[in-house]
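Good morning, and thank you for coming. Please look at the model on the screen while I take you through its salt bridges, its helix packing and some points of its backbone.

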Amino acid sequence: MIKEKLKKSFIFMMAALIGVTSFVGISTADINAEVGRRSRVYAISYPRSGDTNNGQWGYDDLHFANGESMKAFPATVIRSMESYSGNVAYCIEPSTYQEDGDILVEHDENFFNNIPSNGVLSGDDIRLFIGRIMQYGYTGKVSTTWKVADEKAMDKLSHSVATQILIWETVYGERDIYFNHLSTGNYDQMLDIIKPGHPLRSQILQHYEEIEKSVQEHTKVPSFMQRAANVAKTYELEWNGNEYTITLTDTSKVLDNYSFKANISGVDFKASGNDLTISMKEAPDSTLTISAQKKNGTRKGIIVWSDGKYEPGVGIQDVVTFSQDVSDPVTAYLKLKVSYGSLDIHKRSEDDIVNGIHFIIEGQGIKKEVVTQSDGSIL
């Protein structure tokens, strides 16, 4: 009984004492009607009874910028769905009570349409980042048999802890739209739940940094391109004696992740290392747009397990698990043009007939049929 109370108390502290300013004052959001089955959520604390414990598995009192705090607790906790050996589940709702074995209802990703901005990210941004975090984070099963002596088990535990921390940072507003970490000033941050003496600290941080880098690079586009066509930079093609061409260097070093196409025919692309060469035999009549599409752009789909409400301190804490991979397209743009010099052409004739004469102008990649005006000029 004492052990059960301690476990429930810990779950409550993990959920209820990790609030942040951005969520205070949010009104109750009644999420769309349940879309799936009901299931129980479970919590497992580590190290397990009788396992090695150096007293550093938990965390000390933590104090956040908005005045919220976390009371010290001596364990690391991982959640799962359906059983203690089910798929890992990650908390997404701060300051909300949850008991071991609580029943939640399955919801699809539309759930996030009702989550308000945390002051940094919109509900939709949070959805995308959680899916990307789980794409590179831990999405396997958990177990009550994981022991310190089992290196593979501890690696899974470290991976899952790192995944949870990054999801918390995303939900709580410690990550910006580029997935950069935001400073919390002189206050504690979510990463501080891993004490300097935590036996898995180095493994957790390694996974944390790997996931962080992967998520950041997930939407990184070539340095010479922009995510929106209306702000894309315009580059100029140059004639090399054979064709119009330009070579652009990608300092972001993600060129191999993308395929390229133009909005007109006759444009060729050649990637070599970090250089992209674009060429065409004939000059375009106007500015053209080049788009880049990320190859195999996917992320993990999200299943939300909820009581149907999303508000600190109301109802039961919500968690997420992963579903199959879903499309996560990333597109970037640039524009190209050819600058023309000025040339006046006038038709002359011995019989003074200079109007309406058709002929071809050709040279340096230009081939165009023109017609003379009444004075012999060409527009």
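The side chains of Glu243 and Lys281 meet in a salt bridge, with N and O 3.9 Å apart. By salt bridge I mean a side-chain nitrogen of Lys or Arg within 4 Å of a carboxyl oxygen of Asp or Glu. The pair links distant parts of the chain, 38 residues apart: Glu243 is in the loop between β8 (238-239) and β9 (244-249), and Lys281 is in the loop between β12 (275-280) and β13 (288-294). Helices (H or I, at least four residues) and strands (E, at least two) are DSSP runs, numbered from the N terminus.

Are these two partners buried or exposed? Glu243 has 18% relative accessibility and counts as buried, whereas Lys281, at 47%, counts as partly exposed. Here buried means under 20% relative accessible area, exposed means over 50%, and partly exposed lies in between, with a 1.4 Å probe and protein chains only.

Before I continue, a word on the source. This is a predicted model, in which local features need pLDDT of at least 70 and side-chain atom pairs count only at pLDDT 80 or more, while totals for chains, interfaces and linings use all residues. Residues are numbered from 1 along each chain as its sequence is written, and side-chain values use heavy atoms, with hydrogens and water left out.

How many salt bridges does a search of the whole structure find? The search finds 10. As a general point, side chains of opposite charge can pair when their charged atoms come close.

Another salt bridge joins Asp60 and Lys195, whose closest N and O atoms are 3.2 Å apart. This pair also links distant parts of the chain, 135 residues apart, with Asp60 in the loop between β1 and β2 (62-63) and Lys195 in the loop between α3 and α4 (201-218). Asp60 is partly exposed, with a relative accessible area of 43%, but Lys195 is buried at 13%.

Arg37 and Glu82 also meet through their side chains in a salt bridge, at 2.3 Å from N to O. They are 45 residues apart: Arg37 belongs to the loop between α1 (2-16) and β1 (38-46), and Glu82 to the loop between β4 (76-81) and β5 (88-91). Arg37 is partly exposed, with a relative accessible area of 44%, and Glu82 is partly exposed at 45%.

Asn296 is found in the loop between β13 and β14 (298-306) and is exposed, with a relative accessible area of 73%. A further backbone point is the cis peptide bond that joins Tyr46 and Pro47, with omega at about 5°; Pro47 lies in the loop between β1 and β2. For context, most residues other than glycine have a negative phi, and most peptide bonds are trans.

I turn now to the helices. The chain has four helices and 18 strands. Helix α2 (residues 123-136) and helix α3 (residues 151-172) pack at an angle of about 170°, with their axes 10 Å apart. Axes are lines fitted to C-alpha atoms, for helices over the stretch in contact, and angles run from 0 to 180 degrees between N-to-C directions. The two helices are therefore roughly antiparallel; angles under 35 degrees count as roughly parallel, over 145 as roughly antiparallel, 65 to 115 as roughly perpendicular and the rest as oblique.

Which residues of α2 and α3 meet? Ile126, Phe129, Ile130, Ile133, Met134 and Tyr136 in α2 meet His159, Thr163, Leu166, Ile167, Thr170 and Val171 in α3, where contact means heavy atoms within 4.5 Å.

Helix α3 also packs against α4: their axes come within 8 Å and cross at roughly 50°. That angle makes α3 oblique to α4. On the α3 side the contact includes His159, Thr163 and Leu166, and on the α4 side it includes Ile204, His207 and Tyr208.

Finally, two figures for the chain as a whole. Of its 379 residues, 46% count as buried. Among contacts between residues at least 6 apart in sequence, 76% join residues at least 24 apart.
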